Amino acid sequence: QVQLGESGGGLVQAGGSLRLSCAASGRTRSSYFMGWFRQAPGKEREFVAAISRSGSNTYYADTVKGRFTISRDNAKNTVYLQMNILKPEDTAVYFCAARLDPVVLSTQITRVSTYDNWGQGTQVTVSS
């Protein structure tokens with residue numbers, strides 16, 4: 001098992017920026033395919049971004065493409081989500097997640113069920 005802990009959330013005005021961090025601990029001898037998801041009140045959890053084990057491939061939801069950047073530092077067992085030009089509709093609890101199976105099909109990347117371990121989430125609130 002791997003434990004995940006998010007940080008970096010907060011309150012920001014529209015147009016501002018935040019950087020979220022997700023630190024992994026426990027069984028971290030191998031890096032994992034990682035994803036960021038978010039969940040707004042009354043809505044389902046939705047895919048935001050994902051990054052391959054090496055960091056060479058990244059994936060984004062259309063709603064954040066061009067504004068958010070996912071990256072990782074495997075030496076620090078940490079994944080980041082840089083969020084720029086934030087909008088009120090970005091308000092949600094943001095979760096990071098890890099997939100333990102090294103095989104990830106392209107059709108699986110955006111699915112909640114693809115990921116095995118989740119963090120507790122960090123609140124991001126964007127005011128208008």
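Modeller: Let's begin with L100, which touches V2, R27, Y32, D116 and N117, where touching means having heavy atoms within 4.5 Å and residues up to four places away in sequence are not counted. This is a predicted model, so local features need pLDDT of at least 70 and side-chain atom pairs count only at pLDDT 80 or more, while totals for chains, interfaces and linings use all residues. Residues are numbered from 1 along each chain as its sequence is written, and side-chain values use heavy atoms, with hydrogens and water left out.

Where is L100 in the chain? You will find L100 in the loop between strand 9 and strand 10 (117–118); strands are DSSP runs of E with at least two residues, numbered from the N terminus. L100 counts as partly exposed because its relative accessibility is 24%; buried means under 20% relative accessible area, exposed means over 50%, and partly exposed is in between, using a 1.4 Å probe and protein chains only. From L100 to Q120 there are 20 residues in sequence and 18 Å in space, C-alpha to C-alpha.

The largest nonpolar core has 34 residues, and W36, L81, M83 and Y94 touch the most other members. Such a core is a set of buried Ala, Val, Leu, Ile, Met, Phe, Trp, Tyr and Cys residues joined through side-chain atoms within 4.5 Å. Among the strands that each supply at least two residues of this core are strand 1 (2–7), strand 4 (33–39) and strand 9 (92–99).

Two other loop residues are worth a visit. N77, in the loop between strand 7 and strand 8, has a positive phi of about 50 degrees although it is not a glycine. I85 also has a positive phi of about 50 degrees without being a glycine, and its place is in the loop between strand 8 and strand 9. Most residues other than glycine have a negative phi. With 28% relative accessibility, N77 counts as partly exposed.

Buried residues make up 41% of the 128 residues.

Methods: Helix = DSSP H or I, 4+ residues; strand = E, 2+ residues; numbered from the N terminus.
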